[in-house]
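Here are some notes for a colleague opening this structure for the first time.

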Amino acid sequence: MADKGKGGVQVGSTESDPSIYIEVLEGGPYVVHGAPPMAVQAITPNESGHSWSYTQGQAFEVKDGARLCRCGMSKTKPFCDGSHLRADVDLAETATMEPMLQQRDTTEMDGPDYSLTDNEKYCAYGRFCDNGDRFWNEVMEGGKAHDELAIYMAHHCPSGRLLVWDRDKREPVETAQAAELALIEDTALGISGPLQLRGGIRVHSASGESYEVRNRQTLCRCGQSSNKPFCDGTHASVKFKDGLGG
Ligand code: FES
C-alpha cells in the first residue's frame with residue numbers, strides 16, 4: 001500500500017514538541033514531561049445514541065513530572081497516589097515495539113477512492129467506527145459523503161487503530177494537532193476509559209526504548225489491558241470508573 005512508518009513516526013503523523021512526552025515507569029505510573037494541557041473528554045452520542053463527538057469536562061493542571069495512575073487503584077485519579085505498590089495488578093508492558101502498520105494484525109482494504117488500514121489490537125472501544133454506518137463499509141462504498149464520514153470516524157477513533165489513506169499520495173489523510181492529554185469518559189456506558197494522547201506525543205517504555213509516534217494513541221488507565229501500555233478496550237468489561245465524571 002504505502003511507506004509504512006519512518007524514523008519512529010507513523011507515516012502521516014506529526015510528532016509533538018519533543019519536550020512533551022510520556023514515560024512509563026516499570027510497575028508504576030505514567031510520568032508526564034513538558035506539561036501539556038489535560039482534561040476530561042466525554043464521548044458524546046448523537047441523536048441515535050452512537051458515539052459522535054467529544055465534550056470537554058474538568059481540566060487539570062499538569063506540571064512537568066506529574067505522575068498519572070495506570071493501575072486503576074489510585075484514590076486521587078487521574079494522579080498516582082502510590083496505590084500500585086499495594087495493588088495486585090501486573091503492570092508489565094506487553095505491547096510490541098514494532099510499528100503498527102508493519103504488524104501482522106494490521107489489515108488493509110482498498111475502496112474506490114480511499115484505502116484503509118486497521119489494527120484491532122489497539123481498539124479502545126470508543127465506537128466511532130460504528131454509528132449505524134460502519135467505517136469499513138463507508139470506505140468500500142466510496143463517493144463524497146461516504147468518504148467524508150469515513151475520514152471523520154477515523155479522526156475521532158481515540159486509539160488511532162483506523163487510518164484512511166489517500167491512494168494517490170500513498171499516505172493517511174491526517175492533519176497535525178496540538179499536543180494534549182484526554183481523560184476519556186464513555187457517557188453512554190457510564191464508564192471511564194483510557195488516557196488519550198493527541199497530537200503525536202511520544203511514549204517512552206520503561207525499557208528505555210520509545211514506541212512509534214502516532215497522531216492518536218490511547219494508554220491504559222484501568223490496569224487491565226492485555227496490550228500495555230496501550231488500551232485494548234478491557235476497561236469496558238471491567239466497568240472502570242475514575243470518579244471524574246463526563
Ligand atoms: S483503560 Fe482501556 S483497557 Fe485499561
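**Notes on pockets, salt bridges and a loop serine**

1. Helix H2 (144–156) and strand E11 each contribute at least two residues to the lining of the second largest pocket. The model is predicted. This pocket has a volume of about 160 Å³. Its lining consists of Tyr54, His155, His156, Glu174, Thr175, Ala176, Gln177, Gln196, Arg198 and Arg216. By class, 2 of these residues are nonpolar, 5 are polar and 3 are charged.

2. Arg198, one of the lining residues of that pocket, also takes part in a salt bridge with Glu180, with 3.8 Å from N to O. The pair joins distant parts of the chain, with Glu180 in strand E10 and Arg198 in strand E11 (residues 191–198), 18 residues apart. Arg198 counts as buried because its relative accessible area is 9%, and the cut-off for buried is under 20%.

3. Arg127 sits in the loop between strand E7 (114–118) and helix H1 (135–141), while Asp186 belongs to strand E10 (residues 180–186); 59 residues separate the two. Both Arg127 and Asp186 are buried.

4. How many salt bridges does the structure hold? The count is 9. Side chains of opposite charge can pair when their charged atoms come close. Another of these pairs is Glu15 with Arg202, whose closest N and O atoms are 2.9 Å apart. This pair also links distant parts of the chain: Glu15 lies in the segment before strand E1 (21–24) and Arg202 in strand E12, 187 residues apart. Are the two partners buried or partly exposed? Glu15 is partly exposed, at 31% relative accessible area, whereas Arg202 is buried, at 15%.

5. Ser205 lies in the loop between strand E12 (202–204) and strand E13 (216–219). Its relative accessibility is 7%, so Ser205 counts as buried. Which residues does Ser205 contact, leaving aside its neighbours within four places in sequence? They are Val24, Glu93, Met97, Ser210 and Tyr211.

Definitions and conventions
Residues are numbered from 1 along each chain as its sequence is written. This is a predicted model: local features need pLDDT of at least 70, side-chain atom pairs count only at pLDDT 80 or more; totals for chains, interfaces and linings use all residues. Side-chain values use heavy atoms; hydrogens and water are left out. Helices (H or I, at least four residues) and strands (E, at least two) are DSSP runs, numbered from the N terminus. Buried means under 20% relative accessible area, exposed over 50%, partly exposed in between (1.4 Å probe, protein chains only). Contact means heavy atoms within 4.5 Å. A salt bridge is a side-chain nitrogen of Lys or Arg within 4 Å of a carboxyl oxygen of Asp or Glu. On a 1 Å grid over the protein atoms alone, a cavity is a set of points where a 1.4 Å probe fits but cannot get out, and a pocket is an open set with protein on both sides within 12 Å along at least five of seven lines; lining residues have an atom within 4 Å of a point. Grid points are joined across faces, edges and corners, and a volume is the space filled by probe spheres set on the points. Ala, Val, Leu, Ile, Met, Phe, Trp, Tyr, Cys and Pro count as nonpolar, Asp, Glu, Lys and Arg as charged, and the others, Gly among them, as polar.
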